[in-house]
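Subject: Structure for you to look at, with notes

Dear colleague,

I am handing over the structure below, and I would be glad if you kept it open while you read the notes that follow it.

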Amino acid sequence: MHRKKVLFVQDGLQPVERVSRVVASLDAEFTVCSSRDFPTAAQDCDLVIYRVPTARVDHVAEFEENMRQAGQGSALLLIEEDALKLLRMPAHVNADFALTTACDDELAVRLRHLLWPGEETSSADFITVGPMTLNLSTYQVQVDGQPLDFTYLEYALLAFLVTHPGHAYSRDALLRRVWGFEYYGGSRTVDVHVRRVRAKLGTELAAHLETVRGVGYMWNN
């Protein structure tokens, strides 16, 4: 699954730091553009956030038309409470709204619903160890914000050990838990995958994946 992309349409000098922080907590990419550049910038995005200017609530219809031209179907409108009575939600775009005073948790819930309808991620889907973030929902691993290219079994091995820290597992146990009972290869395949995972993680993170002499392997936070 690709990393979701969120575009914030900044029509003025509204601060974007808080919204950027919430989007980052969902492991989604965040970019900003002006209303003028919106039609072009939106073409490669999964969700558009539009901060509706209080004096231009009627421009939501124009925004919706731009969304349709850009081929986008999901939007979150941020609006001041005083302008709420004038708001008319888009009719042809999958949209939700939130007040600009909404707390971070509310924004996160609304964003998750628009980005992953029916399969929303939650904070429980993310495990962070130092610079590494493991997304259990999208099967992705990032280090310092950069995705790592793991095969499925490399990811599954890492995810299993990270979610069971402090417990040593033998090679045979890992074959059963990660590869499955129908795997007939030798147990040394675990060693090969551990070496690959360590190499991709880098020296600092690889130190957490410990070899337990006479037993097997363990993830130590």
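This is a predicted model: local features need pLDDT of at least 70, side-chain atom pairs count only at pLDDT 80 or more; totals for chains, interfaces and linings use all residues.

Residues are numbered from 1 along each chain as its sequence is written, and side-chain values use heavy atoms, with hydrogens and water left out.

**D96 and its surroundings**

D96 has a relative accessibility of 16% and therefore counts as buried, where buried means under 20% relative accessible area, exposed over 50%, and partly exposed in between (1.4 Å probe, protein chains only). Leaving aside residues up to four places away in sequence, D96 touches A75, L76, L77, M89, R110 and L114, a contact being heavy atoms within 4.5 Å. With R110 there is also a polar contact between the two side chains, at 3.1 Å. That term stands for a pair of N or O atoms within 3.5 Å; within protein, one must be able to donate a hydrogen and the other to accept it, and residues adjacent in sequence count only if both atoms are side-chain atoms. R110 also lies over the face of F97, at 6.0 Å from the ring centre; for this, NZ of Lys or CZ of Arg has to be within 6 Å of the ring centre and within 35 degrees of the ring normal.

Another residue of strand β5 is N94, which at 43% relative accessibility counts as partly exposed. Its side chain makes a polar contact with the side chain of S74, at 3.4 Å, and the C-alpha atoms of N94 and E64, 30 residues apart along the chain, are separated by 9.9 Å.

**The sheet**

Where does β5 belong? Strand β5 is part of an open sheet of five strands, in the order β2-β1-β3-β4-β5 and with parallel pairing; two strands pair if DSSP finds at least two bridges between them. The edge strands, each pairing on one side only, are β2 (29–34) and β5 (94–99). From one strand to the next the twist averages 20°, with axes taken as lines fitted to C-alpha atoms, for helices over the stretch in contact, and angles running from 0 to 180 degrees between N-to-C directions.

Four bridges join strand β1 (residues 5–10) to strand β3 (residues 47–51), and V6 stands opposite L47 in β3, while V9 has Y50 as its bridge partner there. On to β4, too, β3 is joined by four bridges in a parallel arrangement, and here Y50 stands opposite L77.

In a regular strand the side chains alternate between the two faces of the sheet. In β3 both faces are covered, with L47, I49 and R51 buried on one side and V48 and Y50 buried on the other.

Helix α3 (residues 60–70) packs on it, touching β3 and β4 (74–79), and its direction makes about 160° with that of β4. Helix α4 (residues 104–115) lies across β1, β3, β4 and β5, running at about 160° to β4.

**Aromatic pairs**

How many aromatic pairs does a search of the whole structure find? The search finds three, where rings of Phe, Tyr and Trp (its six-membered ring) pair if their centres lie within 6.5 Å, and planes under 30 degrees apart count as stacked, over 60 as edge-to-face and the rest as tilted. One of them joins F8 and F30, whose ring centres are 6.2 Å apart and whose planes stand at 50°, so the pair is tilted. This pair links distant parts of the chain, with F8 in strand β1 and F30 in strand β2, 22 residues apart, and F8 is buried, with a relative accessible area of 1%. Another joins Y50 and F63, whose ring centres are 4.5 Å apart and whose planes are at 10°, so this pair is stacked. Y50 lies in strand β3 and F63 in helix α3, 13 residues apart, and both are buried.

How values were computed
Helices (H or I, at least four residues) and strands (E, at least two) are DSSP runs, numbered from the N terminus.
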